Amino acid sequence: MTGSLIDGVAIGKEIREEIKEGVTALKEKGCQPGLAVILVGDNQASRTYVKNKQKSTLEVGMKSELIELPATVTEEELLACVAKLNNDESINGILVQLPLPNHIDENLVIRAIAPAKDVDGFHPENVGKMIIGQQTFLSCTPYGIIELLERTGTEMSGKHAVIVGRSNIVGKPMGQLLLQRDATVTYCHSKTKDLATFTKQADILIVAIGRAKFITGEHVKAGAVVIDVGMNRDENGKLCGDVDFATAKEVASAITPVPGGVGPMTITMLLKNTLQSAEQACSQSL
Ligand code: NDP
């Protein structure tokens with residue numbers, strides 16, 4: 001059996017078209033959504049992510065603002081920068097590109113972002129709202145995965161979803177969003193014993209561990225839907241996921257590729273959150 005491909009590029013494009021329409025509608029009311037990105041230091045990977053985010057922001061018709069700060073910036077200066085953006089009416093979303101230099105407390109900076117502009121969905125207030133099912137900004141990667149599942153008609157209710165990885169930005173919120181959709185959720189992590197016993201029970205298997213091709217066809221139940229969040233380099237320096245695509249696709253009913261699966265959805269959902277923020281701000285200003 002060869003599973004079908006879940007095409008994150010095509011689904012991401014479809015959602016961006018919807019976002020573009022939303023931006024046009026807001027502009028007709030005199031409101032232009034704006035996303036500000038703060039980039040600290042000179043990490044090349046961060047710089048590439050930020051460049052892609054800026055490009056996508058402009059493509060959907062939003063204003064994009066980049067604030068570049070040196071690696072030597074003090075915590076106080078960074079917090080002042082966030083405070084300024086919190087009060088800037090032309091900015092609806094604020095994103096601080098992580099990781100930050102060691103002398104800066106990431107949690108403190110995330111907490112300084114106004115929850116109404118926290119389009120990454122990392123602020124504890126927004127995380128809390130997400131867990132109790134209140135309207136908020138959802139963390140972009142898990143939110144994008146939910147869109148992939150919904151738009152490919154994947155049934156979640158009553159299904160066993162197994163999440164491998166429990167980070168605050170992917171694994172943990174992923175399980176909560178699936179729970180809200182009535183899946184039965186199991187979390188696995190580095191201390192899980194006999195991982196394959198759990199992964200082989202999954203109707204929906206989500207892998208976010210950061211280990212190249214770690215999950216193989218032998219970990220997958222026949223007919224499962226497999227979502228690969230990982231972004232790693234293989235032995236030849238080629239981009240690959242946490243799942244061994246070649247063997248897993250023989251067993252799965254559907255699977256995301258890397259690249260072209262979850263990756264394009266993360267930026268898309270950041271834009272969707274920014275649009276949501278701008279719609280709220282615009283309706284309050286009218
Ligand atoms: P973290 O490093 O924060 O978390 C990794 C998680 O995997 C931890 O919970 C860890 O367990 C678990 N883990 C590590 N090794 C194993 C193992 N052998 N067996 C079971 N569990 C294990 O990673 P992130 O969640 O931030 O990212 C995961 C991957 O997803 C990375 O490759 C990252 O690049 C990618 N990513 C991709 C995105 C996209 O848009 N496509 C967005 C975000 C991330 P423990 O808690 O016990 O240490």
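User: In this predicted model, how far is an oxygen atom of the ligand from an N or O atom in the side chain of Arg166?
Analyst: The model is predicted. Arg166 is one of the closest residues around the ligand. Its side chain places an N or O atom by a ligand oxygen, and the distance is 2.7 Å.

User: How much of the ligand's accessible area does the protein cover?
Analyst: On its own, the ligand has 940 Å² of accessible area.

User: Which residues are the closest to the ligand?
Analyst: The ligand is surrounded by 21 residues. Among them, Ser190 has a polar side-chain atom 2.5 Å from a ligand oxygen. For Asn232, a polar side-chain atom lies 3.5 Å from a ligand oxygen. The closest residues are Arg166, Ser167, Ser190, Arg211 and Thr266.

User: How many residues of the shell around the ligand are charged?
Analyst: The shell includes nine nonpolar residues and 10 polar ones. The number of charged residues is two.

User: Is His160 buried or exposed?
Analyst: His160 belongs to strand 5, residues 160–164. Its relative accessible area is 15%. The cut-off for buried is under 20%. His160 is therefore buried.

User: Which side chain is joined to that of His160 by a polar contact?
Analyst: Beyond its neighbours within four places in sequence, His160 is in contact with Thr184, Thr186, Gln201, Ala202, Asp203 and Ile204. From Gln201, the backbone oxygen lies 3.3 Å from a polar side-chain atom of His160. The side-chain to side-chain polar contact spans 2.7 Å, and the partner is Thr186.

User: Where is Asp182, which has a positive phi?
Analyst: Phi of Asp182 is near 70°, and the residue is not a glycine. Its relative accessible area is 53%, so Asp182 is exposed. Asp182 sits in the loop between helix 7 (171–180) and strand 6 (184–188).

User: What is the phi of Asp194?
Analyst: Asp194 lies in the loop between strand 6 and helix 8 (195–199). With a relative accessible area of 55%, Asp194 is exposed. Its phi is positive although Asp194 is not a glycine, at about 55°.

User: Which residue does a cis peptide bond join to Pro99?
Analyst: Pro99 is in the loop between strand 4 (93–96) and helix 4 (106–112). Omega of the cis bond is about 0°. The partner is Leu98.

User: Where is Pro259, which a cis peptide bond joins to Val258?
Analyst: The bond between Val258 and Pro259 has an omega of about 0°. Pro259 lies in the loop between strand 11 (254–255) and helix 10 (263–285).

User: What distance separates the centres of domain 1 and domain 2?
Analyst: Domain 1 spans 31–114 and domain 2 spans 140–262. Taken over C-alpha atoms, their centres are separated by 29 Å.

Methods:
Residues numbered from 1 in each chain as written. Predicted model: local features only at pLDDT ≥ 70, side-chain atom pairs only at ≥ 80, totals over all residues. Heavy atoms only, no water. Helix = DSSP H or I, 4+ residues; strand = E, 2+ residues; numbered from the N terminus. Buried < 20%, exposed > 50% of the residue type's maximum accessible area, 1.4 Å probe, protein only. Polar contact = N/O pair within 3.5 Å; in protein donor to acceptor, adjacent residues only side chain to side chain. Contact = heavy atoms within 4.5 Å. Near = heavy atom within 4 Å. Areas by Shrake-Rupley, 256 points an atom, 1.4 Å probe, with all protein chains shown as cover. Nonpolar A, V, L, I, M, F, W, Y, C, P; charged D, E, K, R; others polar. Domains from an automatic or database assignment.
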